[in-house]
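Visitor: I would like a close look at a single part of this structure. Please take me through it step by step, and then show me what surrounds it.

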Amino acid sequence: MAVDYIVIVVYLAGMLAMGWWGMRRAKSKSEFLVAGRRLGPAMYSGTMAAIVLGGASTIGGVGLGYQYGLSGAWMVVTIGLGILALSVFFSARIARLKVYTVSEMLDLRYGGRAGIISGVVMWAYTLMLAVTSTIAYATIFDVLFDVNRTLAIVLGGSIVVAYSTLGGMWSITLTDMVQFVVKTIGVLLLLLPIAVVKAGGFGEMKAQLPTEYFDPLGIGGETIFTYVLIYTFGMLIGQDIWQRVFTAGSDRTAKWGGTVAGTYCLVYAVAGAIIGTAAKVLYPKLASPDDAFATIVKDELPVGVRGLVLAAALAAVMSTSSGALIACATVANNDIWSRLRGVMRASDGAEEHDEVKGNRAFILAMGVAVIVISIALNDVVEALTVAYNLLVGGLLVPILGGLLWKRGTAQGALAAVAVGGLAVVGLMAGYGILANEPVYYGLLASLAVYVAVSLATRPTDEATLTAWRERLAGRAPEPQSEPPVPAPQ
């Protein structure tokens, strides 16, 4: 394993070096939180794909393939469909808003009265997303170094917190590009063909496994529908995803770069399911489907290649973890803390620099909190389910309603967030956290309340709607805009 260890250590050292280099570029709030809003198509596509394809998509996707066969791809497929829908239909308009958070968008659309409650819901979602990604380090470092769970979480989490705190979105963007390349080589170009060959090829896989393993809908229609509801819609409204959209240098980059990323997700989904299916042939009696990835990597790959593929798994977890962490810190600082203090965004360079320090401190604080919660929490699936149920049940309707329906009002949005969020929490307590009903009924309750309250209250004033339309069209400057940042040399 010595060669594998060297590969991993070099990779981790590279991540810290990228964080240090990113710190030199993050001199303003815009640079620190959204990479100066100037990423080109190649970098935008790579970082968008990196953030959405995390440990759940890699280790979990292979596990679903092990359990259900090719239809196990559906979870990651629905993530890809969400990115495609966001990119084609909404990303250009979102990028033109020139905001930092989803709650700022809601304030613009509804007249400044929907932000803080939506910020609390979004903060809870991003916190749980960061926690679930951090917990995944325990699995990977256990395979790599045979260390206990707590040490694994502290080690992996500390590296992510370090480079995220140093350079903010610039560091995360640079590391995500490396992680995207490592994942592509490790999973698609190495693990996929090796797993199929070790299993005897597709002919042998079909001969060894039941026919339902090759049924595209074998996982079940209700499960697929739930995945669409949670993951496809979740991709449309998550702060971690929107914050990447904000980094796009142009409308075209946001639209077509995101389309490339979504298509990549579909390819990654199929690859994970095939790897899991091959693992079922090789190891038919694993204790848990989620052990499939680590087992096939540890037992079937040659020295050096094994280290690179494990680095790919580590890259998958780190990219999602860092994206969720900066999203969590951005929401906590800009949507909650700053509003409670009544602090307005700064307009001169000196105060901008102070804002970088403030956001850096929030990333560090949120990172420590995430590590502590991850050590205390055991069930990743339950935490992730809570996160996405809150996001979709509480925020989907007011966000998409604000983008698509001009009659929606601030009162309707606030009622939708409150009723949808409380309904999801209450129904999870009644039906169970992993049940499908909470998100179904919570979303319906949110929609009903949003429409009813909006129609029962006065329409949003025309001045607010006019300013909103101007921002959506890219014809109005962002309020309290920041000083221009010189283009990178």
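Guide: Start with arginine 96. Leaving aside residues up to four places away in sequence, arginine 96 touches Asp251, Arg471, Leu472, Ala473 and Gly474. Keep in mind that this is a predicted model. Arginine 96 sits in helix 5. Now pick out leucine 217. Arginine 96 and leucine 217 are 121 residues apart along the chain, and 39 Å lies between their C-alpha atoms.

Step on to the loop that joins helix 5 (74–96) to helix 6 (102–110). Lysine 98 is found there. Lysine 98 is not a glycine, yet its phi is positive, at about 60 degrees. Lysine 98 has a relative accessible area of 31%, so it is partly exposed.

Alanine 35 is not a glycine either, and its phi is about 55 degrees. Look for alanine 35 between helix 2 (29–34) and helix 3 (41–52), in the loop. Alanine 35 has 0% relative accessibility, so it counts as buried.

Alanine 376 is 341 residues away from alanine 35 along the chain, and their C-alpha atoms are 33 Å apart. Alanine 376 belongs to helix 16. With a relative accessible area of 65%, alanine 376 is exposed.

What lies between them? Look at the largest nonpolar core, which has 151 residues. Those with the most contacts inside this core are Tyr11, Val52, Leu314, Met318, Tyr388 and Ile399. Domain 1 and domain 2 both give residues to the core, so the core lies between them.

Zoom in on one of those residues, methionine 318. Beyond residues up to four places away in sequence, methionine 318 touches Tyr11, Leu12, Met15, Tyr137, Gly156, Ile159, Val160, Tyr163 and Gln179.

Follow that list to glutamine 179. Glutamine 179 is part of helix 9. Its relative accessible area is 0%, so glutamine 179 is buried. What does glutamine 179 touch, not counting residues up to four places away in sequence? The list is Tyr11, Met15, Tyr163, Ala315, Met318 and Ser319. Glutamine 179 and alanine 311 are 132 residues apart along the chain, but 8.6 Å separates their C-alpha atoms.

Now go to helix 7 and find threonine 126. Threonine 126 has 0% relative accessibility, so it counts as buried. Once residues up to four places away in sequence are set aside, threonine 126 touches Gln239, Ala324, Ala327 and Cys328. Leucine 384 gives another contrast between chain and space. Threonine 126 and leucine 384 are 258 residues apart in sequence, and 10.0 Å apart from C-alpha to C-alpha.

Last, the empty space. Rolling a probe the size of a water molecule over the atoms shows where space is left. How many cavities of 30 Å³ or more are there? The count is two. The largest cavity holds about 60 Å³ of space. Its lining is made up of Ala130, Thr134, Gly157, Val160, Val161, Ser321, Leu325, Gly367, Val370 and Ile371. Which elements give two or more residues to that lining? They are helix 7 (115–135), helix 9 (149–198), helix 15 (305–341) and helix 16 (349–376). By class, the lining has six nonpolar residues, four polar ones and no charged ones.

These last stops tie back to the earlier ones. Helix 7 is where threonine 126 sits, and helix 9 is where glutamine 179 sits. Helix 16 holds alanine 376. Val160 is in the lining of the largest cavity, and Val160 is also among the residues that methionine 318 touches.

Terms used. Residues are numbered from 1 along each chain as its sequence is written. This is a predicted model: local features need pLDDT of at least 70, side-chain atom pairs count only at pLDDT 80 or more; totals for chains, interfaces and linings use all residues. Side-chain values use heavy atoms; hydrogens and water are left out. On a 1 Å grid over the protein atoms alone, a cavity is a set of points where a 1.4 Å probe fits but cannot get out, and a pocket is an open set with protein on both sides within 12 Å along at least five of seven lines; lining residues have an atom within 4 Å of a point. Grid points are joined across faces, edges and corners, and a volume is the space filled by probe spheres set on the points. Helices (H or I, at least four residues) and strands (E, at least two) are DSSP runs, numbered from the N terminus. Ala, Val, Leu, Ile, Met, Phe, Trp, Tyr, Cys and Pro count as nonpolar, Asp, Glu, Lys and Arg as charged, and the others, Gly among them, as polar. A nonpolar core is a set of buried Ala, Val, Leu, Ile, Met, Phe, Trp, Tyr and Cys residues joined through side-chain atoms within 4.5 Å. Buried means under 20% relative accessible area, exposed over 50%, partly exposed in between (1.4 Å probe, protein chains only). Domain bounds come from an automatic or database domain assignment. Contact means heavy atoms within 4.5 Å.
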